[in-house]
Amino acid sequence: MKNPLDSLWGTVISGLVLTVVLYYLARAMMGGSP
Amino acid sequence: MSWEFIHYGLGRWIHILFGVMWIGLLYYFNFVQVDAMKKAAADTPPSGAGISKHVAPLALFYFRWAAVGTWVMGAFLLGDKFAQAFLFREQAYVPIGIGAWLGTIMLFNVWVLIWPNQKKILGFVPASDAEKAKARRVAFLASRTNTMLSIPMIFFMSSSALFHRGLFA
């Protein structure tokens with residue numbers, strides 16, 4: 001499997017996906033509904 | 001001039017100034033220089049020597065010290081809430097704590113992975129061709145990792161003050 005970080009778009013999309021994941025993690029840690 | 005103004009007014013301003021320089025140069029490396037150097041290497045004869053000799057060292061100097069300045073000013077801004085944020089001890093500090101952890105990982109990547117390997121690539125320290133090839137790959141992936149991490153980092157840095165308005169509810 002190709003490393004997404006080898007492409008600029010792969011890097012940006014990985015960052016956006018990570019943002020969504022961490023956003024829901026933060027919400028859960030703050031006691032909000034997941 | 002009140003302490004609050006120095007702490008949250010001047011402190012935040014300087015933190016953002018350093019941050020713009022750090023992430024601005026990170027994006028220059030990833031969005032401009034990597035691709036430009038690839039094209040320059042394919043020229044006959046290769047035409048990227050000027051970038052390696054005059055641009056990259058200066059950009060790396062401001063890049064790595066701006067990273068330190070950003071982190072130090074971020075820690076100054078957190079003040080006595082530093083431990084609450086990093087250890088997620090208070091719910092209100094979870095968003096800024098996540099941003100602070102991302103920034104800390106990025107600072108580690110700059111000083112432990114990117115800069116030592118760039119010194120080999122640019123010839124500041126002796127390295128064989130094989131060592132330079134490995135250094136190029138490690139520095140590239142660390143730089144790309146930081147570009148990826150900068151996206152959620154900036155989200156949490158810029159939105160953490162909004163948590164009480166329902167964004168994280």
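Me: What makes the crossing of H4(B) and H5(B) left-handed?

Reply: H4(B) passes H5(B) in a left-handed crossing, the name used if the near helix is turned anticlockwise from the far one by less than a right angle (right-handed if clockwise). This is a predicted model, in which local features need pLDDT of at least 70 and side-chain atom pairs 80 or more, while totals for chains, interfaces and linings use all residues. Residues are numbered from 1 along each chain as its sequence is written, with chains lettered from A and ligands numbered from 1 in the order in which they are written.

Me: What makes H1(B) roughly antiparallel to H2(B)?

Reply: Again, look at the angle. The two axes come within 8 Å and cross at roughly 150°, so H1(B) is roughly antiparallel to H2(B). This crossing is left-handed, and the residues in the contact are 19 nonpolar, seven polar and one charged.

Me: And why is H1(B) called oblique to H5(B)?

Reply: Their axes come within 10 Å and cross at roughly 125°, which makes H1(B) oblique to H5(B). The crossing is left-handed. H1(B) contributes B:Ile23, B:Leu26, B:Phe29 and B:Asn30, and H5(B) contributes B:Ser143, B:Arg144, B:Asn146, B:Thr147 and B:Ser150. By class, that contact has three nonpolar, five polar and one charged.

Me: What makes B:Phe88 partly exposed?

Reply: B:Phe88 has 16 C-beta neighbours inside 10 Å, so it counts as partly exposed. B:Phe88 sits in the loop between helix H3 (82–86) and H4 of chain B. Its backbone deserves a look too: phi is positive, about 55°, although B:Phe88 is not a glycine.

Me: How do you know which peptide bond is cis, and where is B:Pro45?

Reply: The bond joining B:Thr44 and B:Pro45 is cis, with omega about -10°. B:Pro45 is in the loop between H1 and H2 of chain B.

Me: What makes up the largest nonpolar core?

Reply: A nonpolar core is a set of buried Ala, Val, Leu, Ile, Met, Phe, Trp, Tyr and Cys residues joined through C-beta atoms within 7 Å. The largest one has 32 residues, and B:Trp22 and B:Phe156 have the most contacts inside it. Two or more residues come from each of helix H1 (8–29) of chain A and, in chain B, helix H1 (3–42), helix H2 (49–78), H4 and H5. H5(B) gives the largest share, nine residues. Leaving aside neighbours within four places in sequence, B:Phe156 is in contact (C-beta atoms, placed from the backbone, within 7 Å) with B:Pro95, B:Ile96, B:Ile98, B:Gly99 and B:Leu102.

Me: How many helices and strands does chain B have?

Reply: Chain B has five helices and zero strands, where helices (H or I, at least four residues) and strands (E, at least two) are DSSP runs, numbered from the N terminus. Buried residues make up 31% of its 169 residues.

Me: How many residues of chain A are in contact with chain B?

Reply: 15 residues of chain A are in contact with 18 residues of chain B. The chain A side divides into eight nonpolar, six polar and one charged. Chain A itself has one helix and zero strands, and 15% of its 34 residues are buried.

Note on methods: Contact = placed C-beta atoms within 7 Å. Nonpolar A, V, L, I, M, F, W, Y, C, P; charged D, E, K, R; others polar. Buried ≥ 20, exposed ≤ 12 C-beta atoms within 10 Å, placed from the backbone. Axes fitted to C-alpha atoms, helices over the stretch in contact; angles between N-to-C directions. Parallel < 35°, antiparallel > 145°, perpendicular 65-115°, else oblique.
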